[in-house]
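Here are some notes for a colleague who is opening this structure for the first time. Please read them with the model on screen.

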Amino acid sequence: MAGMSQDWEPVVMRKKAPTAAARKDEKAVNAARRAGAEIETVRKSNAGTNKAASSSTTLNTRKLDEDTENLAHEKVPSELKKSIMQARLDKKLTQAQLAQMINEKPQIIQEYESGKAIPNQQIISKLERTLGVKLRGKK
């Protein structure tokens, strides 16, 4: 034991320095205010706006702007909407009752009868079975 000596140097253990997110925390900011430290607030240039998404013309938007072709969704043909409405009225059903029978929302029937819906072959098939009429292939 003659060659051994104890090390009496103080060891200081500190917590890790706060991260950037922790420094911006409301508690940390309030603590800094109480301590009288200077607090700097910086607002990001596009904060809370949609400018970054819409200000610059991207390649896709330019292509769409230059495109002269008129694109539209396929709509329900007038013969189909008339035949759905006639078959429903022949069975004395409301749009809501018909929708419930085919397990769809009443809005779907309304859209088909007004011609606003995008034709879906599964829904047309359900309507054919429920109403007992042929709605497709009349052309």
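**Notes on the model**

1. Start with Ser83, which sits in helix α5. This is a predicted model. Ser83 counts as buried, because its relative accessibility of 15% is under the 20% cut-off. Its side chain reaches the backbone oxygen of Leu80, at 2.9 Å.

2. Leu80 also belongs to the largest nonpolar core. That core has 16 residues. The members that touch the most other members are Leu80, Ile84, Leu98, Ile109, Tyr112, Leu127 and Leu135. At least two core residues come from each of α5, α6, α7 and α8. Helix α8 gives the most, with four residues.

3. Take Ile84 from that core. Which residues is Ile84 in contact with, leaving aside neighbours within four places in sequence? The contacts are Tyr112, Glu113, Leu127, Leu131 and Leu135. Tyr112, Leu127 and Leu135 are also among the core members that touch the most others. Glu113 in this list is worth a point of its own.

4. Glu113 is found in helix α7. Is Glu113 buried or exposed? Glu113 is buried: its relative accessibility is 7%, and the cut-off is under 20%. Not counting residues up to four places away in sequence, Glu113 touches Lys81, Ile84, Met85, Arg88 and Gln95. Two polar contacts of its side chain deserve a look. One goes to the side chain of Arg88, at 2.6 Å. Another goes to the side chain of Gln95, at 2.7 Å.

5. Now turn to charged pairs. How many salt bridges does a search of the whole structure find? The search finds three. One of them joins the side chains of Arg88 and Glu113, with N to O at 2.6 Å. Arg88 lies in helix α5 (residues 78-90) and Glu113 in helix α7 (residues 106-114), so this pair ties together parts that are 25 residues apart in sequence. Arg88 counts as buried, at 8% relative accessibility. Glu113 is buried too, with a relative accessible area of 7%.

6. Another salt bridge is formed by Lys126 with Glu104, whose closest N and O atoms are 2.8 Å apart. What does this pair tie together? Lys126 lies in helix α8 (residues 121-131), and Glu104 lies in the loop between α6 (95-101) and α7, so the link spans parts that are 22 residues apart in sequence. Lys126 is partly exposed, with a relative accessible area of 25%. Glu104 is partly exposed as well, with a relative accessible area of 25%.

7. A further salt bridge brings together the side chains of Glu128 and Arg136, at 2.8 Å from N to O. Glu128 counts as buried, at 15% relative accessibility. Arg136 counts as partly exposed, at 30%.

8. The side chain of Glu113 meets that of Arg88 in a salt bridge and makes a polar contact with the side chain of Gln95.

Technical notes
Residues numbered from 1 in each chain as written. Predicted model: local features only at pLDDT ≥ 70, side-chain atom pairs only at ≥ 80, totals over all residues. Heavy atoms only, no water. Salt bridge = Lys/Arg side-chain N within 4 Å of Asp/Glu carboxyl O. Buried < 20%, exposed > 50% of the residue type's maximum accessible area, 1.4 Å probe, protein only. Core = buried A, V, L, I, M, F, W, Y, C linked by side-chain atoms within 4.5 Å. Contact = heavy atoms within 4.5 Å. Polar contact = N/O pair within 3.5 Å; in protein donor to acceptor, adjacent residues only side chain to side chain.
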